[in-house]
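Hi,

Here is the structure I promised to pass on. Have a look first, then read my notes below.

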Amino acid sequence: MKTYKYEFSHQSNLIQIGNLIDDLHNVHVHLLRLQRRYYRLFGKYASLSRILKHITKLKRTTQPHWNALPSQMIQDVAIRIDLGYQRFFDNIEDRRLGKTKRKVGKPKIKPNHKYKSMTFTQAGYKIEGNRFTINCLKKSFTFWKHREWTGTLKRVTIKRDNVGDYSLYIVCEACEPSEKLPLTGNEAGVDFGSKTFLTLSDGTKIESPEFYKQCLKAICSAHKALSRKQYLSNGWYRAKRYLSRLYKKIANRRRDWFFKLALRLVHKYDKLAIETLNLEGMKKLWGRKISDLAFGEFALILQWTSAKYGKTFLKAGRWQATTKPCSDCGCHNENLSLSDRQWICPECGSHHDRDINAAINILQAGVPAS
């Protein structure tokens with residue numbers, strides 16, 4: 001499966017897509033309230049088949065305006081809710097068996113501004129060139145078709161971001177495989193740090209541009225301007241949209257840099273190993289700095305890029321010791337503190353750079369990522 005993303009160009013009739021998403025939000029609210037009433041009456045949740053039958057009944061009785069919406073889009077809303085309940089019950093069972101400590105809550109009613117997407121599966125739309133037609137609206141919308149998609153088209157999703165821009169996501173299967181890159185014989189472990197973004201086992205060090213820090217003055221100014229506006233006024237909405245554009249710009253710049261960096265590493269190395277970190281715990285200790293570096297997002301992009309071009313991607317376990325062991329003899333230096341950036345092994349006498357030694361241990365401890 002492969003997903004292609006295309007941006008819609010700015011056009012006046014995009015507001016009709018927004019109205020369609022708002023109508024689906026009303027369906028979302030109705031179905032979740034229905035599940036709550038069903039639980040109060042019978043002590044259990046209604047199955048997906050029962051909900052789908054009830055939707056057909058609602059279209060004939062109390063909700064005739066739902067007939068104007070594509071039926072598969074309404075079914076997709078019900079399927080999303082059912083998947084949410086399945087994950088909720090599966091998580092309860094996993095926690096009872098001790099498989100996980102992570103809690104997954106049951107589906108909640110989303111506010112209108114957080115319900116941002118709609119999905120077409122087999123019908124209800126048509127794509128001709130760079131024109132996307134929604135049958136129920138009898139309208140066509142232009143999107144930037146910067147590349148062709150390959151394979152069998154399975155479903156199409158339209159998403160709205162916080163700025164108010166719309167994107168088209170096309171999911172295909174049986175896509176043509178990407179061209180594999182030639183092997184170089186190089187391999188590297190990758191150590192993540194708050195001072196140096198990446199340290200590789202061959203001594204290469206990569207600094208992060210820290211895009212959030214670069215725009216911090218503009219963000220503070222935008223937050224200050226928003227706080228001075230009357231809540232929900234026209235000026236408040238304009239200030240909020242401007243702030244969202246700033247955050248989107250930072251995210252786009254960071255993501256672009258991540259993809260270019262991942263491609264550069266994949267061109268140079270045949271095997272890459274990273275460590276598994278508790279990033280949420282690190283955020284509690286170091287806060288904004290860890291969020292700005294966004295190592296979790298980079299790890300995903302590096303994994304995708306490695307798989308795309310036929311390179312090996314490895315992960316070291318979260319509890320695998322990588323900092324204190326000597327990469328030459330394996331001796332654990334228990335006296336090593338966070339301030340020690342250089343140290344000498346008490347047994348074999350090897351001199352180590354803290355981050356390079358950790359990167360070598362990560363490479364040795366790496367196993368194929370699932």
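**The pockets**

The largest pocket has 41 lining residues, and Lys5, Arg147, Arg255, Phe259 and Trp304 are the ones nearest its centre. A pocket here is an open set of points on a 1 Å grid over the protein atoms alone, where a 1.4 Å probe fits, with protein on both sides within 12 Å along at least five of seven lines; lining residues have an atom within 4 Å of a point. H6 gives the largest share of that lining, eight residues. Sorted by class, the lining holds 14 nonpolar, eight polar and 19 charged residues (Ala, Val, Leu, Ile, Met, Phe, Trp, Tyr, Cys and Pro count as nonpolar, Asp, Glu, Lys and Arg as charged, the others, Gly among them, as polar).

Bear in mind that this is a predicted model: local features need pLDDT of at least 70, side-chain atom pairs count only at pLDDT 80 or more, and totals for chains, interfaces and linings use all residues. Residues are numbered from 1 along each chain as its sequence is written, and side-chain values use heavy atoms, with hydrogens and water left out.

Is Asp355 buried or exposed? Asp355 is buried, because its relative accessible area is 13% (buried is under 20%, exposed over 50%, partly exposed in between, with a 1.4 Å probe and protein chains only). Lys138, at 74%, is exposed, and its phi is positive, near 55°, though it isn't a glycine. Leu232 is partly exposed at 45% and also isn't a glycine, with a positive phi of about 70°.

Cheers

Key: Helices (H or I, at least four residues) and strands (E, at least two) are DSSP runs, numbered from the N terminus.
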